[in-house]
Amino acid sequence: MLKTKAKGKFIRISAILMALLLLLGACSKQGGEAEPPKDPEANGSNIEIKEPDAPDPDENLFDWAKGNEKSSFSGYTVRMNNLQYHLIDSSNRLNESSDEPPYHRIDLMIEGLKDKSLEEKINTKIISQVNEFTDLKRVPDAQGIKALQAKGLDPAKFRSKEVYVMPYCNMGNILSLAVYSSAYYKLSDESFIPLSECKTFNIDLNSGKEICISDLFADNVDGIKYLNDAVNEAISKISTYDNPFIDIYFDEDYTLSLAGAFTGLKENQKYYLNGKNGNLVLIFDKETPEFHSRDGVSLLQIDITEVAAFDRFIFEGENIYESDELVYNLIQRPLRADMNLSSFDKYDPIPEITGVIIIDSPVYKELTEAQQRFVSFSDEDIAEIKNIFTEKTESFRRQYAVDTTRYEGHLESHGLRYGNYICLSRNEIHYMSRDDIWKPLFSDTSYETRCYKIGEDEPLKIEDLFKDPENWKEKVAPAIAKSALNYFGPSSSTPLNPDLMLQMGRDLLDYCTSFSITGDSLRFSYSPPEGFLYDYLPADIKLLENYYYFEYFAESIPFADIGCEHLNIF
């Protein structure tokens, strides 16, 4: 869950939220109006339900936002919006003795636009959709719902229900998010069936209007054709059966199941943008009957980063935010592995010691020879590891007078591209145990990362990323101090000393062992001496022994906290 950046504003935000909730009634369903519940308790809360306002003429489905008339591919560095996101848990947990089941509700509010009227309008639109999905009398708008109602589906009878908002993308003056409703509904035979619904919003923050899917593409690209071709390619990888669940196509954790002939996407196709990798995610539900989902919603992720125009809604010289800070992110890009040369889940047995080495080592086409050597495990590397652990095995067998030890090793490497940089990692994990009682005898993990500029053989040093390389720690230490104050502050009855936290950040960076670039932050690994934190924190903060606290406040430092103006990677 995202954390609120300005904690001091939480009470004001909550008050605004409750005011909006009191003003909003049950919203009209897509394609028709829904009768509001007569009993306020039917909505699972004490919120007063009122008739919805008359439709806003600006909300015409095809009254699309209008961006720059000419827009081309904008590269892999994207400007982010300066919004704050407030995710607020408004779940209604009813009394355990009540016959009515609880639902869990997560609301979202944005803050940071200069135009407060537009900001309120966007917040109202989001909360209105959450209200609609949390209506306990609302029949899920899912495929096959009439047949399920014939089997006894009652929208008010469910085992659990969740309604939540996911903000997926905040780049290029675009707000892309999805409101989900997911529940297990009870049928007449006492069985339960999962059903989900999804409503997406892709909002131009200049106007508050919806962004047509084709406007996400550069002017020289037919966006609908590009997406249709991608969907057809996905379809070509699956087969059609009478049972739509037999064959499912997996694409990076998204699933697609074909239920009929695909005839092409419509202009108002439901979608959202993935802000991490810049990909477009198509939503298939009742409005796209040629695709089937077990629970009502299917998703397909499509790479559009080579043809996208994410800056179409950024107008030169205009700042629509209260903050003047410029924040940039790097779009995450996968490196393409040569499947004929790569090793995935390759087992190399060592029968002499009842052991095995499992190798996952891709061969990437984009890498230089030196870069590829780093992520490769040669025959010599594997032979050396075998010799080391054969000797260790024999030593443990003599020590414990047993011959039932088992060794397992994992050799893994992978890489990702961020903007004009490539980050590679190489991992070795070794584990040995007594096979008779599964007693661990030995374990060891080594992890190494390297960052390269595309086409260069020499790995980067951390100072290479900064415009003032000699003073890079002075740019990162304040961000660590800020994060430490937020992380440890609530646990202490004594206010933390900001100057001491700043010194802790400087000292910790002296123990930095490696770094990597991600889409929105720099990641650091540290190896400080034992008890390092005791010198900087109040005594009332009880620290656990052998606990790596640094991953929670000092491992991932956002570009925005460092200051994009100090970095030369954009």
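Helix H7 (residues 472–488) packs against helix H8 (residues 498–509) at an angle of about 125 degrees, and their axes are 8 Å apart. This is a predicted model, in which local features need pLDDT of at least 70 and side-chain atom pairs count only at pLDDT 80 or more, while totals for chains, interfaces and linings use all residues. Residues are numbered from 1 along each chain as its sequence is written, and side-chain values use heavy atoms, with hydrogens and water left out. Helices (H or I, at least four residues) and strands (E, at least two) are DSSP runs, numbered from the N terminus. Axes are lines fitted to C-alpha atoms, for helices over the stretch in contact, and angles run from 0 to 180 degrees between N-to-C directions.

H7 and H8 are therefore oblique to each other (under 35 degrees is roughly parallel, over 145 roughly antiparallel, 65 to 115 roughly perpendicular, and the rest oblique). Contact means heavy atoms within 4.5 Å. Among the H7 residues that meet H8 are Trp472, Val476, Ile480 and Leu485; the H8 side includes Met501, Leu502 and Leu509.

Val297 lies in the loop between strand E10 (280–284) and strand E11 (298–302). Val297 counts as buried because its relative accessibility is 11% (buried is under 20% relative accessible area, exposed over 50%, partly exposed in between, with a 1.4 Å probe and protein chains only). Not counting residues up to four places away in sequence, Val297 touches Ser196, Glu197, Cys198, Ile283 and Phe284. The C-alpha atoms of Val297 and Ile283 are separated by 6.8 Å, and the two residues are 14 residues apart along the chain.

Thr368 sits in the loop between strand E15 (355–361) and helix H5 (369–375). At 17% relative accessibility, Thr368 also counts as buried. Leaving aside neighbours within four places in sequence, Thr368 is in contact with Gly455, Glu456 and Asp457.
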